[in-house]
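The following exercises are intended for a reader who is meeting this structure for the first time.

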Amino acid sequence: MSTWPTPFRPRIPARWSYRLHAVLATNRAYRWLAARLERSPRAYRVFTATERVSKEKLFGCRMCGQCALPTTGYACPMTCPKQLRNGPCGGVSPEGRCEVHPAVRCVWVLAHDRAVAAGHGTDLDLLQRPVDHREQGRSSWVNYWQGRDDTMVIEVRP
Ligand code: SF4
């Protein structure tokens, strides 16, 4: 994706997304699948293209390869024009509008509202590590199933 990031309002409710994530949670079968995909460049390309199309339509995904959706109310932080991973910048308006694209709501305001409405507001207390741009374009599902996301967030709750 080459266009400049614009806050994207997810097309499915957060509650459905949390349920879907439960179905995709890491288990032995998914770990096996991820390992198989990584051994077959062609299968990996097809799988990654499917992930790209589905998540782009639903969440505005930009294929960072290290998916933060489960901790952000399923609002993609990479659609923030500044690609901030830990909350909004100081430019968000009092009405919750993006500083760069004032016609749309800040994606972090969306994340807050969606997470709180689904009973996951405390997820926003988690501190996200910086994005590793070497993972850009790779499958975040495969990375997740392979356990590469395990240290992506840091607990900072008191
Ligand atoms: S993989 Fe990255 S860019 Fe895609 S939805 Fe998740 S956080 Fe956003």
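**Exercise 1. The surroundings of the ligand**

Task: Identify the residues that surround the ligand in this predicted model, and sort them by class.

Solution. Step 1: the ligand is surrounded by Lys55, Cys61, Arg62, Met63, Cys64, Cys67, Ala68, Leu69, Cys76, Met78, Arg85 and Ser140. Step 2: sorting this shell by class gives eight nonpolar residues, one polar residue and three charged residues. Apart from neighbours within four places in sequence, Leu69 is in contact with Lys55, Phe59, Tyr74, Ala75 and Cys76.

**Exercise 2. The nonpolar core**

Task: State which residues make up the largest nonpolar core.

Solution. Step 1: in general, nonpolar side chains of soluble globular proteins tend to be buried together. Step 2: the largest nonpolar core here has twelve residues, namely Ile12, Ala14, Tyr18, Phe59, Cys64, Leu69, Tyr74, Cys76, Met78, Ala115, Ala118 and Val131. Step 3: comparison with the ligand shell shows that Cys64, Leu69, Cys76 and Met78 belong to both sets.

**Exercise 3. Aromatic pairs**

Task: Determine how many aromatic pairs the model holds, and classify the pair Tyr18 and Tyr74 and the pair Tyr30 and Trp145.

Solution. Step 1: the count comes to five aromatic pairs. Step 2: the rings of Tyr18 and Tyr74 are 4.9 Å apart, centre to centre, with 90° between the planes. Planes over 60 degrees apart count as edge-to-face, and this pair is therefore edge-to-face. Step 3: Tyr18 lies in helix H1 (residues 14-24), while Tyr74 lies in the loop between helix H3 (41-59) and helix H4 (107-117); the two are 56 residues apart and link distant parts of the chain. Both Tyr18 and Tyr74 are buried.

Step 1: for Tyr30 and Trp145, the ring centres are 4.5 Å apart and the planes meet at 5°, so this pair is stacked. Step 5: Tyr30 belongs to helix H2 (residues 28-39) and Trp145 to helix H5 (residues 140-145), so that this pair, 115 residues apart, also links distant parts of the chain. Step 6: Trp145 has a relative accessible area of 3% and is therefore buried.

**Exercise 4. Salt bridges**

Solution. Step 2: Glu99 and Lys82 form one of them, with their closest N and O atoms 2.6 Å apart. Both residues lie in the loop between H3 and H4, 17 residues apart. Glu99 has a relative accessibility of 44% and therefore counts as partly exposed; Lys82, at 40%, is likewise partly exposed.

Step 1: Arg105 meets Asp113 in a salt bridge of 3.6 Å, N to O. Arg105 is partly exposed at 31% relative accessibility, and Asp113 is partly exposed at 38%.

Step 2: the salt bridge of Arg138 and Glu135 has an N to O distance of 3.7 Å. Arg138 is partly exposed, its relative accessible area being 32%. Buried means under 20%, so Glu135, at 19%, is buried. Step 5: Glu135 and Arg138 are also linked with Glu38 and Arg148 in a network of salt bridges.

How values were computed. Residues numbered from 1 in each chain as written. Predicted model: local features only at pLDDT ≥ 70, side-chain atom pairs only at ≥ 80, totals over all residues. Heavy atoms only, no water. Near = heavy atom within 4 Å. Nonpolar A, V, L, I, M, F, W, Y, C, P; charged D, E, K, R; others polar. Phe/Tyr/Trp six-rings, centres within 6.5 Å; stacked < 30°, edge-to-face > 60°. Helix = DSSP H or I, 4+ residues; strand = E, 2+ residues; numbered from the N terminus. Buried < 20%, exposed > 50% of the residue type's maximum accessible area, 1.4 Å probe, protein only. Core = buried A, V, L, I, M, F, W, Y, C linked by side-chain atoms within 4.5 Å. Contact = heavy atoms within 4.5 Å. Salt bridge = Lys/Arg side-chain N within 4 Å of Asp/Glu carboxyl O.
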